[in-house]
Amino acid sequence: MMTFLLPTTPGHVEPDIPVGYALRPIHVFDKERLKKVGLVLPDSDDIDQWLRQQSEKVKNQVADFGRAEEARHSTRKPTEETIGPLAAKPPSSSSNFSTSNRAYRDAREDLKTDYDESALHLPVLDQSGIAQVQVYAWDEPLKLIAQGGPLTPDRRLAERDQGLFEKLRPLGAFRRLCHRATYPDTLTALGELGLQQPHFSDVIDFVRARIALAREVASPLLLPPILLAGPPGVGKTHFSLALAKAMQRPVRRHSFDADQTSSALTGSDRHWSNTKPGLVFEAICLGEQADPVILLDELDKAVGNSDRNNALGPLHSLLEPVTSRDVVDLSVGIRFDASHVFWVATANELRKIPEPIQSRFKVFNLQTPTACQALDLARAVVGAVHKRFPDFEAPPKHFASLVAHLTPREQTQALEQAFALAAINARRHLVRQDLPAEVLQEQGDGMGKKPRLH
């Protein structure tokens with residue numbers, strides 16, 4: 001079946017492969033270690049079936065070894081998990097889990113088996129266009145059911161932790177990354193975004209250059225945090241959401257206009273009765289991707305004087321490439337990797353943002369768009385709103401000029417009202433009078449004067 005064995009060590013040069021044969025990667029379990037080797041095998045269905053059987057055999061060997069190791073350690077000490085502060089307290093009756101019961105051991109075994117299987121398939125997934133990265137240690141979720149036992153007398157908190165564990169369990173320790181195969185589509189989408197919102201061309205050029213570099217070296221895309229600073233109404237938030245869409249990434253938005261504590265990002269302390277996880281944990285650990293866009297909207301409006309109440313405090317570590325690899329959510333106690341997040345912040349007044357925070361961003365100072373740029377932006381907003389109401393005909397082209405003097409938020413509100421009025425009148429097309437009267441009045445009053453552009 002096999003012709004010869006190929007080591008997969010760095011620098012190894014592959015010999016010529018005969019016609020009808022192929023180099024096939026395979027994992028073997030030897031001397032308590034998982035190794036990857038390459039085999040030159042006949043290219044046939046029988047070999048494919050053998051490889052699948054071999055893969056299943058290796059997975060069973062790894063699982064058997066893990067169980068044997070766990071049993072060996074358990075004969076030397078009561079239970080590995082109850083050492084330390086847990087051993088000083090009896091199990092709590094407030095939870096169905098404790099670190100010594102069968103459910104905990106089964107959960108631990110399932111997590112390890114799933115982790116080994118996922119790690120085994122990473123190369124195959126990458127070749128098929130699916131990139132994944134580990135965001136926390138395979139056993140981190142076990143902290144939730146351990147805390148739900150001796151450490152958590154609060155029944156509601158124990159139930160919450162158990163519910164979070166059940167959500168994390170099927171997700172595993174790996175999350176997707178935007179694969180390099182998507183880079184061409186992303187570059188095309190960014191080019192279209194540049195035509196729609198030309199006053200953000202510097203930002204778009206910056207992102208496109210980083211994508212081109214990542215594609216050239218065939219590596220994951222890592223973008224530094226960016227801060228969009230400019231007067232109200234230039235479309236900073238609207239652009240940020242469009243940027244996330246062009247990059248095919250999920251986006252989580254957090255507004256600082258009413259935020260006064262650090263708990264929103266990294267969770268609140270467990271001793272509070274209303275403790276809950278932070279936005280970063282939810283976006284990464286409870287999400288499906290390791291590289292979401294997190295939008296920090298109106299960063300200059302964050303307030304707080306003490307360390308505990310400083311809403312910007314967590315950003316000192318979250319925005320740093322090294323420290324963001326080891327983030328702890330205070331509410332759940334899980335350590336995870338947030339280094340793949342693309343942080344986008346907006347602000348009206350840079351002077352209100354502390355210098356240590358500013359220094360962690362690539363800052364873009366935006367100007368009020370010109371008349372032509374404002375019209376391009378209005379066309380983009382009209383198109384985006386129309387996509388939400390596909391049963392209607394596209395608005396007439398002159399609608400963009402009727403709302404171009406408004407901010408993107410005001411444009412959206414006016415167009416939504418126009419579609420609603422058309423629906424009331426049993427029409428599937430818009431007419432000028434569907435726009436709010438005050439919008440038309442402002443547009444009319446501005447005729448012959450310098451337009452109020454945003």
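Okay, which helix gives the largest share of the lining of the largest pocket? That's helix 8, with seven residues.

Quick caveats: this is a predicted model, where local features need pLDDT of at least 70, side-chain atom pairs count only at pLDDT 80 or more, and totals for chains, interfaces and linings use all residues. Residues are numbered from 1 along each chain as its sequence is written, and side-chain values use heavy atoms, with hydrogens and water left out.

So, the pocket. By pocket I mean an open set of points on a 1 Å grid over the protein atoms alone, where a 1.4 Å probe fits, with protein on both sides within 12 Å along at least five of seven lines; lining residues have an atom within 4 Å of a point. The largest one holds about 980 Å³ of space, the volume being what probe spheres set on the points fill, with points joined across faces, edges and corners. Of its 33 lining residues, Q197, T237, H238, L241 and A242 are the closest to the centre. By class, the lining has 11 nonpolar, 11 polar and 11 charged residues (Ala, Val, Leu, Ile, Met, Phe, Trp, Tyr, Cys and Pro are nonpolar; Asp, Glu, Lys and Arg charged; the others, Gly among them, polar).

Helices, by the way, are DSSP runs of H or I, at least four residues, numbered from the N terminus. Helix 6 (183-196), helix 8 (236-246), helix 13 (371-387) and helix 15 (408-424) each put at least two residues into that lining.
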